[in-house]
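Colleague: I'd like to go through the labels in this model with you. Tell me what stands behind each one.

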Amino acid sequence: MAETAAETAETQRADSRQAARAERRAAKLAKQIGAFAEAHGGAEGQLAYIGQTGTRIVLVGEDGGWGDLVAPSYAVAENAARKSGITMHESFDGEFAAKVRTGPYEWSRMAGIQVGGPSNDR
């Protein structure tokens with residue numbers, strides 16, 4: 001069944017609103033990436049698809065600090081990374097992964113996940 005002109009116009013308006021939302025979300029994420037980079041002397045990143053939840057933007061600062069953000073889709077994450085201007089990597093390995101510096105908190109959390117590891121209740 002063919003769409004009427006009114007249905008087509010409504011579909012176009014909905015698509016336009018969705019695109020505007022995605023653009024605003026990418027701009028907000030780019031601003032957050034920029035703030036992270038500024039706080040850590042620069043940053044590099046990698047995108048990791050995490051299923052229906054979206055895409056994780058993994059960030060590693062020049063000082064070894066790290067963090068992540070979650071975008072609702074790969075396209076939004078890619079757009080945010082491009083807008084932020086940071087160097088992006090295809091995978092999280094090699095020299096890029098070696099830049100990450102972990103502290104006691106991360107080690108206790110990782111050990112607490114293991115059977116018989118220390119409790120994370122502290």
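Colleague: What makes Phe 96 buried?

Modeller: Its relative accessible area is 3%, and buried means under 20%, exposed over 50% and partly exposed in between, with a 1.4 Å probe and protein chains only. So Phe 96 is called buried. Keep in mind that this is a predicted model, where local features need pLDDT of at least 70, side-chain atom pairs count only at pLDDT 80 or more, and totals for chains, interfaces and linings use all residues. Residues are numbered from 1 along each chain as its sequence is written, and side-chain values use heavy atoms, with hydrogens and water left out.

Colleague: Which label does Phe 92 get, and why?

Modeller: Phe 92 has a relative accessible area of 38%, so it counts as partly exposed.

Colleague: Why are Phe 92 and Phe 96 called an edge-to-face pair?

Modeller: Rings of Phe, Tyr and Trp (its six-membered ring) pair if their centres lie within 6.5 Å; planes under 30 degrees apart count as stacked, over 60 as edge-to-face and the rest as tilted. Phe 92 and Phe 96 are 5.1 Å apart centre to centre, with 75° between the planes, so edge-to-face is the label. The structure holds one aromatic pair.

Colleague: Now the charges. How do you know that Lys 83 and Glu 23 form a salt bridge?

Modeller: The rule asks for a side-chain nitrogen of Lys or Arg within 4 Å of a carboxyl oxygen of Asp or Glu. For Lys 83 and Glu 23 the closest N and O atoms are 2.6 Å apart, so the pair passes. Lys 83 sits in helix 2 (residues 74-84) and Glu 23 in helix 1, so the bridge ties together parts that are 60 residues apart in sequence. The elements are DSSP runs, numbered from the N terminus: helices are H or I with at least four residues, strands are E with at least two. Both side chains are partly exposed: Lys 83 at 40% relative accessibility and Glu 23 at 36%.

Colleague: What makes strand 2 and strand 3 a pair?

Modeller: Two strands pair if DSSP finds at least two bridges between them. Strand 2 (residues 55-61) and strand 3 run antiparallel and are joined by six bridges, so they qualify. Val 60 stands opposite Trp 66 in strand 3, and Leu 59 opposite Gly 67. Strand 1 and strand 2, also antiparallel, have seven bridges.

Colleague: Why do you call strand 3 and strand 4 edge strands?

Modeller: The open sheet has four strands in the order 3-2-1-4, with mixed pairing. Strand 3 (66-71) and strand 4 (87-89) each have a single partner strand, so one side of each is left without a neighbour in the sheet.

Colleague: Last one: what makes a group of residues a nonpolar core, and which residues touch the most other members here?

Modeller: A nonpolar core is a set of buried Ala, Val, Leu, Ile, Met, Phe, Trp, Tyr and Cys residues joined through side-chain atoms within 4.5 Å. The largest one here has 15 residues, and Leu 29, Ile 33, Ile 57, Leu 59, Leu 69, Ala 71 and Ile 86 touch the most other members. Helix 1 gives the largest share, five residues. As for strand 2, six of its seven residues are buried, so it is mostly covered.
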